[in-house]
Amino acid sequence: MTSPRMPALFLGHGSPMNVLEDNTYTRAWQALGETLPRPKAIVAVSAHWFTRRTAVTAMENPRTIHDFGGFPQALFDKRYPAPGSPALAKQLQELLKPINVTADTSEWGFDHGTWGVLIKMYPEADIPVVQLSIDGTQPAEYHYQIGRKLAALRDEGVMIVASGNVVHNLRMVKWEGNSEPYPWAASFNQYVLDNLDWKGPAKDHPLVNFMQHDGAALSNPSVEHYLPLLYVLGAWDGEEAITTPTDGIVMSSLSMLSVQIG
């Protein structure tokens, strides 16, 4: 019996406080876990493992990383003890050749970009997870092309879950109340929405060439939270449905847009 083709997800993870909160976004993540086909394993791509190489967690029991500060103790007390999968890590090393993917057996684990969303989707932490790093020395198309290779895993029961925010400017966040989005933030978020189903060569893709948008530099003063989206777009076959389980801009400059392929 063959496994159903797994979806690929980009989840706008927002504040780490979403781990403790019950809101529109966390309920949407929970609903995804309850309604999507159950994966045999998950390949996670998080904005928060931004490196100078491509690496994959290859340990049996990855640690839960609390890579944030200034939050309540209850957040630091949370753990996500999902098993790793050295076998899947090795498969990724083969799949992504000729890229040299480093097998990380001690340095990393699950950062909050990964476990902060998976703890809502799969709270039992009983699905094996490996996390792939983002090589910050590489251009945008590199990440899109990795997504194209990862697509093969979807037919083997492996779900791709990428996590970031397509608009992420913490310096311009407005903490008070329900602040209106900055015009540049709303414009860039809409630009992403308008081009999700673009078909054509990767080198010409508007979302690979996202810095051409007038609002891109303010929306992404650094690119690590945007790039995870490209792994999911790269995994699209050009025909599958593309949906947006969540959308909205919080604190004026943080997009909670999520994208589902398949």
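These legends walk through several close-up views of one predicted chain.

The model is predicted, so local features need a pLDDT of at least 70 and side-chain atom pairs count only at pLDDT 80 or more, while totals for chains, interfaces and linings use all residues. Residues are numbered from 1 along each chain as its sequence is written, and side-chain values use heavy atoms, with hydrogens and water left out.

View 1. Helices (H or I, at least four residues) and strands (E, at least two) are DSSP runs, numbered from the N terminus. The C-alpha atoms fill a box of roughly 45 × 45 × 35 Å along the principal axes. For 262 residues, a compact globule would have a radius of gyration near 18 Å, and the chain's 17 Å agrees; this radius is taken over C-alpha atoms, and the globule rule is 2.2 Å times the number of residues to the power 0.38. Buried residues make up 56% of the chain, where buried means under 20% relative accessible area (1.4 Å probe, protein chains only). Take the contacts (heavy atoms within 4.5 Å) between residues at least 6 apart in sequence: 81% of them join residues at least 24 apart.

**View 2. Helix α4 sits inside the structure.** How many of the ten residues of helix α4 are buried? Ten of the ten, so this helix, residues 112-121, is largely enclosed by the rest of the structure. Among them are His-112, Trp-115 and Lys-120. At the start of α4, look for Asp-111: one of its side-chain oxygens comes to within 3.0 Å of the backbone nitrogen of Gly-113.

**View 3. Leu-150 belongs to the largest nonpolar core.** A nonpolar core is a set of buried Ala, Val, Leu, Ile, Met, Phe, Trp, Tyr and Cys residues joined through side-chain atoms within 4.5 Å. The largest one has 53 residues, and Leu-132, Leu-150, Val-192, Tyr-226 and Leu-229 have the most contacts inside it. Skip the neighbours within four places in sequence, and Leu-150 is still in contact with Leu-92, Leu-95, Leu-96, Leu-132, Ile-160 and Tyr-231. A second, separate core has 27 residues, including Phe-110 and Ile-119.

**View 4. Trp-49 and Trp-108 make a stacked pair.** Rings of Phe, Tyr and Trp (its six-membered ring) pair if their centres lie within 6.5 Å; planes under 30 degrees apart count as stacked, over 60 as edge-to-face and the rest as tilted. The whole structure has five aromatic pairs. In this one, the centres are 5.6 Å apart, with 5° between the planes. Trp-49 is in strand β2 and Trp-108 in the loop between β5 and β6, so the pair ties together parts 59 residues apart in sequence. Both count as buried: Trp-49 has 1% relative accessibility, and Trp-108 has a relative accessible area of 17%.

**View 5. Phe-188 and Tyr-226 make a tilted pair.** Here it's 5.9 Å centre to centre and 55° between the planes. Phe-188 belongs to helix α6 and Tyr-226 to the loop between α7 and α8, so parts 38 residues apart in sequence are tied together. Phe-188 is buried at 0% relative accessible area, and Tyr-226 is buried at 0% too. Along with Tyr-191 and Phe-210, these two form one aromatic cluster.

View 6. Not counting residues up to four places away in sequence, Ser-255 touches several residues, including Gly-12, Asn-165, Asn-189 and Gly-248.

How values were computed: Buried < 20%, exposed > 50% of the residue type's maximum accessible area, 1.4 Å probe, protein only. Polar contact = N/O pair within 3.5 Å; in protein donor to acceptor, adjacent residues only side chain to side chain.
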